Amino acid sequence: MQHKTLKPFPKDFLWGASTSAYQVEGANLTDGKGPSCQDVKELPAGTASLDICADHYHRYKEDIALMAEMGFKTYRFSIAWTRLLPNGTGEVNQKGIDHYNDVINECLKYNIQPLVTMFHFDMPDALDKRGSWSNPDSVDWFVNFAKVMFENFGDRVKYWLTINEQNMLTLVGPVIGTLRIPEGTTNVLKETYQQNHHMLVAQAKAMELCHKMLPDAKIGPAPNISLVYPASCKPEDILAAQNFNAIRNWLYLDMAVYGKYNNLVWSWLEENDATPEIHPGDMEALANAHPDFIGFNYYSTATVEASDGNEKEGGDQQSSAGIPGVYKSFKNPNLPRTEFNWEIDPVGFRNTLREVYSRYHLPIVITENGLGAYDKLEDGRIHDPYRINYLRQHIEQMRLAITDDVEMMGYCPWSAIDLVSTHEGIRKRYGFIYVDTTDEKVGTLNRYRKDSFYWYKKVIASNGEDLD
Ligand code: BGP
């Protein structure tokens, strides 16, 4: 549809940006915090360690003041499980509770709504040692963690996200440093989807608990959604795109919204003797949970063709060779790429929004979207027109999606402030706020406003009208 008149962004649209605890806070073993899987993983060569990051743990006041200066209506951050529960279960660490109370209150002081991610890639190491998500008890561990958060923060936090990018934990866990496969496992695919099943049930029970304990709060999932295009109009390529759409995207949202396993995924798992064991009560729990909205991270689309049977596993959140018998990745010739080789597809953002809304009919909040680049600090300024351009194009497409009658609640680019990437260090910067530090050496950690900071401030002040 080529619209002649654009609809405006909703009046109460939640403009903001995102971070995650293990990538931004630092202080990773301070004030009683226990180690998470991120703190014990082997770091990719040449990347910053996670003990300092952007030092947001100590500088959150300065950072939130800068977010307020940009006019944020929301700040999406995650709560580190091991700050609240150093061993994942058992004793609660009061200093961790105090810290997040301070962060939440600081946001509210500026009328910034906290949008809290409950779990962002940081399984407690103590629970990893007890089998991580392979252990059926992981459902109760997570629900207990959720209860601690709802009890302590639920009087002020109105928006909750369950598990960040559960689909990436399942598809590319080793790259992010999260997947734990018990020794002696013979069918890794089955074990991976057993873990995935436990996460799905944990999410469902947490959503139900949220509705019971906090009737005014809203909660939703936060997968990474990329619409998958077929490389051509060959029928076999269409089948491949359907396969990967199901495995990458719809499995997670079908389950969150309808409480049902996607049939294409289920048949693929059956074929590989990899269907998860379903425990009594699981399907009821899945069917009883209803998100209030859908949160999703969008970086780009994916394009695939029919499998030739020789694809290699691997890749990262936005890239992979394929899965033999399922799909083969295809380099989309129509799309430019970032300096870190991720495709850029703003129109694909609109395509993805339209598709998600027409499948699920729930309001959408974008929980991540952004461009990783090598920024340069020169005379106290950071000129990042490439980031402004990327964000502008995506916001334009979001507005077109709104005009298509897609119900949008908010937009939180990645990231509010520079932080450490999942596997490519702090040199891959995303923030509106520059942090003076490098992978090689901890710097002054001083904050600088990038050009995109001033630009985003105007965007928010005009409620998305002024994108120049
Ligand atoms: C998402 C994650 C984030 C984040 C972002 C950018 O997958 O939710 O934690 O880091 O992608 O990815 P990267 O850090 O790999 O560049």
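Helix 10 covers residues 235-258, and its end C-alpha atoms are only 28 Å apart, whereas a straight helix of its 24 residues would reach 34 Å at 1.5 Å a residue. That expected span is 1.5 Å times one less than the number of residues. Helices here are DSSP runs of H or I with at least four residues, numbered from the N terminus.

This is a predicted model, in which local features need pLDDT of at least 70, side-chain atom pairs count only at pLDDT 80 or more, and totals for chains, interfaces and linings use all residues. Residues are numbered from 1 along each chain as its sequence is written, and side-chain values use heavy atoms, with hydrogens and water left out.

Helix 10 bends by about 55° at Trp250; the bend is the angle between axes fitted to the seven residues ending at a residue and the seven starting there. Of its 24 residues, 17 are buried, so helix 10 is largely enclosed by the rest of the structure. Buried means under 20% relative accessible area, exposed over 50%, and partly exposed in between (1.4 Å probe, protein chains only). Gly259 follows helix 10 and has a positive phi, near 65°.

The whole structure has zero disulfides, a disulfide being a pair of cysteine sulfur atoms within 2.5 Å. The sulfur of Cys107 has its closest cysteine sulfur in Cys412, 11 Å away, too far for a bond. Cys107 is buried at 0% relative accessible area, and Cys233 is exposed at 74%.

| Residue | Distance |
|---|---|
| Asn164 | 2.8 Å |
| Glu368 | 2.9 Å |
| Thr422 | 2.5 Å |

The protein covers 100% of the 370 Å² of accessible area that the ligand has on its own (Shrake-Rupley method, 1.4 Å probe).

Conventions: Helices (H or I, at least four residues) and strands (E, at least two) are DSSP runs, numbered from the N terminus. A polar contact is a pair of N or O atoms within 3.5 Å; within protein, one must be able to donate a hydrogen and the other to accept it, and residues adjacent in sequence count only if both atoms are side-chain atoms.
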